[in-house]
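Here are my notes on this structure, for reading beside it. They take up the contact between the chains and then some strands.

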Amino acid sequence: MSHTPNRWKRYADWDARPLRLDRFAAEDPAHGFSAFSSPADPKPGIGIKAGRVISIDGVLERDFDMIDRFIARHHLDLDIALEAMAMDSGEVARMLVDMHVPREKLVRLAHGMTPAKLADVVSRLNALEIAFAYSKMRARKTPGNQAHVTNAKDDPLQLAADAATAVAFGFDEIETTMRVSRNAWSNALACAVGGAVGRWGTLFQCSSEEAEELRIGMAGFTSYAETVSVYGTEKSFTDGDDTPWSKAFLAAAYASRGIKMRCTSGAGSELLMGFHESKSLLYLEARCLCLQRGMGVQGTQNGGIDGAPVTATVPGGVRELMAENLIAVWLDLECASGNDARTTESEIRVGAKILPYLVAGSDLICSGFGSILAYDNSFNPSLFNGEELEDYLVLQRDFEADGGLTPLPESRATELRQRAVEALGAVFDELGLAQATDKMKGSVVAASGSLETESFTPREASIISEKIKEQGLDVVAVIKALAKRGFREEAENLLAVVKLRLSGDYLQTSAMVRDGRIVSAINDPNDYLGPGSGYRVSEERRLELNSIRDVIDQKEVLRQEAQHEKPEKARIGYKSLGEAHPGDAKNEVVIGISPAFGLKLFQTTAGHNLSEILSTLTGAIKARGLKPRIVRFNHTADTSFLGLSAARLSGSGIGIGIQAKGTAVIHQRDRLPHNNLELFSNAPITRIEHYKGMGSNAAAYALGEMPEPIVVPTKGEAMGSRYHARTALIYAIETELTREGAAPEEIEVSFKS
Amino acid sequence: MKRSDYPLAETAPHDVKGQRGKAYADITLDAVISGDVTMEDLRITPQALRAQASIARDVNRPTLAKNFERGAELVAVPQEFIMQCYELLRPGRAKSKDDLLAAARTMRDTYEATDIAAFIEEAAQAYEERGLFVKRF
């Protein structure tokens with residue numbers, strides 16, 4: 001009978017991990033699955049004759065498709081093109097990562113480069129170099145972030161509360177969209193009101209059908225638009241129902257209405273639309289980006305976007321997303337750098353995806369961080385969602401990197417949510433749009449997501465939306481309603497955002513509002529030229545990033561310990577009998593306790609009272625017919641030395657050393673300090689039964705037996721992350737009490753009932 | 001206008017005006033409450049867009065400047081006509097080059113939008129050469 005296994009079960013373990021839900025695609029350039037290069041990609045090149053572009057990347061003028069034609073006419077600067085195209089791509093790549101080469105010099109060269117040239121240069125950089133170059137080349141110095149604010153019911157009350165919360169977390173922009181397209185006006189009004197709670201300056205967009213979106217913008221509810229998509233092949237473009245000219249016309253229309261605007265493009269869109277021409281993802285994206293600069297838009301939402309998940313299935317796909325973002329900023333475009341559509345089920349891949357952006361900074365690190373729960377995200381789940389927002393806050397703190405967000409105290413969040421639903425309820429009432437009851441508002445304030453609310457339904461939102469549209473309500477009516485109903489601060493805030501469109505200052509590249517002032521690539525240009533330059537986290541900002549919740553310090557640990565002092569004193573008494581001396585009774589086992597044991601510290605990190613630990617140990621030793629002796633050491637708090645010192649005083653030569661936090665050893669007097677008989681290092685998971693076994697085994701060793709060592713089972717918990725901060729603080733309390741050469745004390749313990 | 005004139009709302013709050021001539025600095029909440037402010041007062045002017053265009057040029061963003069200039073031309077164009085032109089520029093909407101050329105003429109003759117007109121004409125030429133005047137739905 002053979003027992004040859006047919007599978008290593010580790011593969012079954014791996015099968016069960018979220019990662020295995022991700023599917024990966026083979027590299028296949030012919031079918032568009034190639035990140036950086038495809039045989040179909042053209043070689044960089046340009047032909048100029050009599051001030052006219054006669055070829056781009058090997059395509060002659062008569063064969064230009066709409067994209068080539070637009071790039072030739074509107075992107076390429078012919079005064080620079082010959083010089084830039086003649087440069088060695090490797091040399092330009094090195095300039096991108098050379099901190100001594102200023103950004104402006106590289107931006108100037110990009111004005112004369114074709115898509116194939118730009119792609120050729122950035123594809124020479126590895127992931128780290130891309131991230132570095134991105135950090136150097138992005139247009140605005142101060143990083144920012146954008147949130148999605150949506151919910152599964154299009155409930156306006158929840159939108160208002162969630163918009164207020166997103167604003168408070170520090171998002172510079174919020175973007176909404178609808179489950180039901182006719183709810184656009186309701187969504188827009190709700191987010192505009194919610195986004196005016198707490199502070200002013202968060203820009204807001206309502207992603208909807210092009211014409212409707214512009215109308216909503218003209219009514220003053222929104223302040224920017226970004227869903228003006230462009231594509232890297234002509235057929236994708238026309239299937240997307242647009243052309244470079246129609247989109248450029250739309251860009252001018254937004255400018256004419258004083259509304260900030262950026263385009264959207266990203267790897268994988270042509271692949272998903274079926275017209276990739278067997279070109280690499282990066283090359284197609286380089287075309288999109290040259291096109292956008294040619295259109296004269298200030299910025300781009302770029303980095304896969306809806307195509308990010310399919311891009312991430314391709315080898316090198318995530319590096320490609322970074323590379324296309326680099327081209328965007330190199331072309332001097334504001335970059336809302338993707339990190340929105342969730343590319344993976346693996347939290348490890350999520351964390352890895354965000355890190356380069358977090359440390360490099362970006363105009364908008366996520367072009368849609370899901371500030372709401374994943375199921376409420378009407379764009380589809382984001383890379384980060386409401387569930388993981390605190391993880392992101394901690395990443396900022398870990399790397400001292402400004403990801404644009406600031407921790408929000410719980411009480412403040414509740415306060416703002418309450419204010420937001422009250423404000424919107426008042427506007428609805430004042431304008432005769434709907435009645436928001438206290439019950440509805442209450443459910444929304446408390447709700448983490450729409451499954452928990454008893455509020456407006458999608459149908460009711462449609463009725464509200466239709467009324468707003470039919471009555472021709474605009475933001476002025478909403479501002480008046482807010483002011484009339486006592487929400488003067490919110491009225492001021494909303495007016496301040498609408499007023500931005502008068503000067504058009506926020507139409508310039510990479511503009512956002514910080515502390516009531518416009519900050520853009522013009523008055524806050526990225527001036528990176530090496531360490532000490534570019535964006536630096538100020539000390540003030542660092543303290544903000546640090547202010548995550550539930551941080552412990554020694555004061556907090558002592559406060560928690562003090563709570564146990566009185567009840568412990570009712571259970572156990574420690575009486576010092578003077579200096580302890582070596583014993584000669586073969587039947588004794590010495591238990592060496594640490595300096596703060598039972599005096600300043602009263603529980604193990606697993607939460608067991610030290611009285612119970614001592615009664616268990618002594619009970620187990622007695623059960624084997626031996627005699628426990630308790631000695632307090634004051635010269636050391638180290639487990640090994642406590643154990644060895646105890647063993648040296650013990651007539652049997654066996655001792656137990658135990659710290660107040662519960663870490664313990666069984667030692668034998670002739671062994672080296674760290675070569676003990678048994679070690680119980682994982683105090684947080686060491687249970688009473690293990691301490692019983694410890695006492696029992698110590699007795700067994702004293703009797704000359706060889707017992708089965710006690711193994712405290714671990715499930716692989718990250719013990720260090722859970723306990724080390726507390727442990728280190730507790731241990732410091734012990735070490736503070738130690739005195740060099742201090743004599744051991746014989747302790748008489750009395751258990752009270 | 002240069003980089004140093006930016007941001008206009010801070011450097012010249014009394015010169016930045018809405019479409020009815022009301023200055024940025026005078027658009028206050030009390031003015032809104034008293035009914036003195038309408039959406040017209042909150043609309044950008046061609047002057048402001050041209051100022052932003054010259055600032056954009058000063059910081060080496062010529063394509064952005066051109067977009068602002070096209071935008072300046074569209075300020076006075078009614079929303080319906082803007083949307084009509086946008087629709088015509090989408091693939092297959094115009095039956096022939098003539099539809100686009102007519103729109104361009106209106107832009108030039110009625111609204112003095114010369115850059116926009118030239119831009120639409122350029123599109124018409126491109127669409128013809130790329131065979132875009134085909135029925136799509």
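1. A salt bridge here is a side-chain nitrogen of Lys or Arg within 4 Å of a carboxyl oxygen of Asp or Glu. By that rule, 10 salt bridges cross the interface of chain A and chain B. One of them joins B:Arg90 to A:Asp241, with the closest N and O atoms 3.9 Å apart.

2. The model is predicted: local features need pLDDT of at least 70, side-chain atom pairs count only at pLDDT 80 or more, and totals for chains, interfaces and linings use all residues. Residues are numbered from 1 along each chain as its sequence is written, chains are lettered from A in the order in which they are written, and side-chain values use heavy atoms, with hydrogens and water left out.

3. How many residues does each chain bring to the contact? Chain A brings 71 and chain B brings 65, where contact means heavy atoms within 4.5 Å. About 5,800 Å² is buried between the chains, 59% of it on carbon and sulfur atoms. Buried area is the accessible area (1.4 Å probe) that two parts lose on being put together, summed over both.

4. Now the strands (DSSP E runs of at least two residues, numbered from the N terminus). Strand 1 (residues 46-49) and strand 2 (residues 52-56) of chain A pair antiparallel over four bridges; pairing takes at least two DSSP bridges. A:Ile48 faces A:Val53 in strand 2 of chain A. Two residues separate these strands in a hairpin, and A:Ala50 in the turn has a positive phi of about 50°.

5. Strand 3 (residues 59-60) of chain A runs antiparallel to strand 2 of chain A, joined by two bridges. A:Ile56 stands opposite A:Val59. In this hairpin, A:Asp57 has a positive phi near 45°.
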